[in-house]
Amino acid sequence: MHNPLVITGIYAAVIIAAVSVLVFLLLVLLIFLNTTYRSPFKKRIRECTRKKDESQMCMFSEGVAWSQKFKDVTEQLHIVSEGLNLYGEYINFGFDKCAVILQGRGESLIYSYYFADVYAKNKQNILVYDVRSHGLSDGKYQTGGIKESDDLILWIKLINEKYNISDFTIHGICIGGATAVYAYSKLKNEGNGLLKRIVIDGLYKSYYELFKAHPKAYKVPILPVVYAATYAVFFLIFILAKVRPFKETPLKYMKDIDIPILFIWSAMDKFSAKPDSEELFKACASEHKEICFFPKGRHSHVRASQKTEYDDLIANFLKKHM
């Protein structure tokens, strides 16, 4: 073992291994911070999170403009869930039904207003809220709809008790769709029939499949390393947020969905692939399920590409199941 080349080789191997482990841990931390964690020191705001995305900014701005027309009938609401202060807005048109619109990851309640018009035109009041760790609401971790579904149930019960509303529709985009599925299963198990119908835009088969699709869509190199890092991120979610993202999946709960449900996807969606979407639809137990693959639109931006067709689809679904 006195051979200088052997000793140098051992040192080099140790250094390379140490650097590889460090890089891997940094990758895990980077993914976790950008997908799951919000620092408690970060300022709570409701601004659009993707200001360089022209489509996202346009949707956000349209939502703002729509909501401003009804400021005189908009009420500020607040609940506490697991010690977290959560904030919402309720547009009370005086109808006897309510549509709850749940935005996807990253955005505040203002983004949800972009989808509200068709529900207002079909005589539903509008509830939007900042989900935990978004907008003005408290929270450090987002959990892919798992714990968010408990918050949603509290919001539904608040509107039921405060305004005597007993007919709810949920419109969920991406993670908002998963939240709706989990919430309905929990409400059903407790014998609560307040949630009457669900509209889902861009639902994924599992949170892990959604994670995996992102590096693939963006052509990130060394995919096996990224996938391994995703496993580590999910372990962190399990440890810190105390949820099981591998075990709890929308696909698992499709067997519980027995109310009218409309699945919306784009054929161009890179994150909720068509085969997975068709698998979700097939697994859904509802006798009143509908599916539509629009020809245009990226993930969560289907309406932006064909607004009239999107709203007409929802309006027809509501008329059949009101």
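**Figure 1. Cys58 and Cys48 in the predicted model.** Let's start with Cys58, which is partly exposed in this predicted model, with a relative accessible area of 42%. Its sulfur lies 11 Å from the closest cysteine sulfur, that of Cys48, and this is too far for a bond, since a disulfide needs the two sulfur atoms within 2.5 Å. Searching the whole structure turns up 0 disulfides. Cys48 is accordingly in no disulfide.

Figure 2. The model holds 27 aromatic pairs. In one of them, the ring centres of Trp66 and Phe70 are 4.7 Å apart and the planes meet at 55°, so this pair is tilted. Why tilted and not edge-to-face? Because edge-to-face calls for planes over 60 degrees apart, and the angle here is 55°. Trp66 is buried, with a relative accessible area of 7%, while Phe70 is partly exposed at 21%. For Tyr111 and Phe115 the centres are 6.1 Å apart and the planes 65° apart, an edge-to-face pair. Both Tyr111 and Phe115 are buried.

**Figure 3. An aromatic cluster.** Have a look at the rings of Tyr204, Tyr207, Tyr208, Phe211, Tyr231, Phe234 and Phe246, which form one aromatic cluster.

**Figure 4. Lysines over phenylalanine rings.** Lys289 places its charged end over the ring of Phe281, 4.7 Å from the ring centre. The charged end of Lys274 sits over the ring of Phe293, at 4.9 Å from the centre.

**Figure 5. The largest pocket.** This pocket has a volume of about 1400 Å³. Its lining counts 50 residues, and those nearest the centre are Asn34, Thr35, Arg105, Gly106 and His214. Helices α1 (4-35), α7 (207-217) and α8 (223-241) each contribute at least two lining residues. By residue class, the lining of the largest pocket has 21 nonpolar, 19 polar and 10 charged members.

**Figure 6. The second largest pocket.** About 150 Å³ of space is found in the second largest pocket. Which element gives the most to its lining? That is α7, with 5 residues. The lining residues are Glu209, Lys212, Ala213, Lys216, Ala217, Tyr227, Lys270, Phe271, Ala273 and Asp276. They divide into 5 nonpolar and 5 charged residues, with no polar ones.

Technical notes. Residues are numbered from 1 along each chain as its sequence is written. This is a predicted model: local features need pLDDT of at least 70, side-chain atom pairs count only at pLDDT 80 or more; totals for chains, interfaces and linings use all residues. Side-chain values use heavy atoms; hydrogens and water are left out. On a 1 Å grid over the protein atoms alone, a cavity is a set of points where a 1.4 Å probe fits but cannot get out, and a pocket is an open set with protein on both sides within 12 Å along at least five of seven lines; lining residues have an atom within 4 Å of a point. Grid points are joined across faces, edges and corners, and a volume is the space filled by probe spheres set on the points. Helices (H or I, at least four residues) and strands (E, at least two) are DSSP runs, numbered from the N terminus. Ala, Val, Leu, Ile, Met, Phe, Trp, Tyr, Cys and Pro count as nonpolar, Asp, Glu, Lys and Arg as charged, and the others, Gly among them, as polar. Buried means under 20% relative accessible area, exposed over 50%, partly exposed in between (1.4 Å probe, protein chains only). Rings of Phe, Tyr and Trp (its six-membered ring) pair if their centres lie within 6.5 Å; planes under 30 degrees apart count as stacked, over 60 as edge-to-face and the rest as tilted. A charge sits over a ring if NZ of Lys or CZ of Arg is within 6 Å of the ring centre and within 35 degrees of the ring normal.
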